[in-house]
Amino acid sequence: MNAPKVANDNGAPQSSLQALRQNVAQGLRKLLRNPLSCAGLVVILALLLVAAAAPWVATHNPLTQDLYNTLKAPSAEHWFGTDEYGRDIFSRLVYGSRVTLYIISLVTIIVGPVGLAVGVVSGYFGGWVDTVFMRVTDIFVSFPGLVLALAFVAALGPGLDHAVIAIALTAWPPIARLARAETLSLRRADYIVAVQLQGASSLRILLRHVTPMCLSSVVVRLTMNMAGIILTAAGLGFLGLGAQPPIPEWGAMISAGRRYMLECWWLVAMPGAAIMLVSLAFNLFGDGMRDVLDPRSE
């Protein structure tokens, strides 16, 4: 007779908890072995901390104009200088991090479930369902992301929320294709066939057996897509179609400062450096997440 598994206070088998701890510890070790991924994680955590503590980190009100201190170079009073209205650039960058995280969060919340659902359903059922879903996906993929986002924003009108919707509408097709490829490799697996023979419904198979197996790849792709989301949002802001003044958005700050960039380099250099640093951090962290979550990577 087999010995029963010892359960902890929460009722979970001790062996399951040990396996979870081992997986988490192994994943952390993989991540820590990659110094570039660790550097990206540090930058992302710093961005989250700065955004959360923006009222305490910022040295000035980001919206207050001071026409007596316009276009001042970086100094002890204004660390990153001032813009054409005398607003402190450092403070605007700090509050702009909230806008960036707002866009990333909403786009990810929309794109992840939509792309995963479309890809899993298309790959599992095949046939005309796969044909219809993939042809719609091909239509979206056939246009450059920024151009398609511009078209959607032009139809919806400029604004931060409209920019989020436009970016989300252009960012889901790669997720759907990835989830479909993963599902195609899983739907003929022995355990899926066994569940089908036991009479499980298609919905149960998709939710309980196929979707969890696709989650790790989708999470990695979403993490690496965040850099593209930041660049697209900055591009829309640069063109005046994203966050509207006086909201301190990094792309809009570059657009406003380009008229003075030859004499006042900090107007463009500071928000440009912020966009580059955060985008690079998400790319590096996504590469580390791939090593952690993808069992095929060594």
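A residue is called buried when its relative accessible area is under 20%, exposed when that area is over 50%, and partly exposed in between. The views below apply this scale to a predicted model.

View 1. A281 belongs to helix α11, which covers residues 266-293. Its relative accessible area is 3%, and because this value is under 20%, A281 is classed as buried. When residues up to four places away in sequence are set aside, A281 touches G40, V43 and I44.

**View 2. Helix α10 and its covering.** Helix α10 spans residues 250-257. Seven of its eight residues are buried, so that the helix is mostly covered. The buried residues are W250, G251, A252, M253, I254, S255 and G257. Which helices do the buried residues of α10 pack against? They pack against α2 (35-52), α4 (89-125), α9 (202-238) and α11. At the start of α10, a side-chain oxygen of E249 comes to within 3.0 Å of the backbone nitrogen of G251.

**View 3. S255 within helix α10.** S255 is one of the residues of α10. With a relative accessibility of 13%, S255 counts as buried, because this figure is under the 20% limit. Its neighbours within four places in sequence are left aside here; beyond them, S255 is in contact with G237 and F238.

View 4. W128, V132 and V136 together make a nonpolar surface patch of about 330 Å². One of these residues, V132, is found in helix α5, which comprises residues 127-141. Is V132 buried, exposed or partly exposed? At 42% relative accessibility, V132 is partly exposed, because its value lies between the limits of 20% and 50%.

View 5. A disulfide is a covalent bond between the sulfur atoms of two cysteines. How many disulfides are counted in this model? The count comes to zero, where a pair of cysteine sulfur atoms would have to be within 2.5 Å. C38 has a relative accessibility of 19% and counts as buried, because the value is under 20%. C214 has a relative accessibility of 0% and therefore also counts as buried.

Note on methods: Residues are numbered from 1 along each chain as its sequence is written. This is a predicted model: local features need pLDDT of at least 70, side-chain atom pairs count only at pLDDT 80 or more; totals for chains, interfaces and linings use all residues. Side-chain values use heavy atoms; hydrogens and water are left out. Helices (H or I, at least four residues) and strands (E, at least two) are DSSP runs, numbered from the N terminus. Buried means under 20% relative accessible area, exposed over 50%, partly exposed in between (1.4 Å probe, protein chains only). Contact means heavy atoms within 4.5 Å. Patches are made of residues with over 30% relative accessible area and no salt bridge: like charges are joined within 9 Å, nonpolar side chains (Val, Leu, Ile, Met, Phe, Trp, Tyr) within 5 Å. Accessible areas come from the Shrake-Rupley method with a 1.4 Å probe; for residues, only the protein chains shown count as cover. A salt bridge is a side-chain nitrogen of Lys or Arg within 4 Å of a carboxyl oxygen of Asp or Glu. A polar contact is a pair of N or O atoms within 3.5 Å; within protein, one must be able to donate a hydrogen and the other to accept it, and residues adjacent in sequence count only if both atoms are side-chain atoms.
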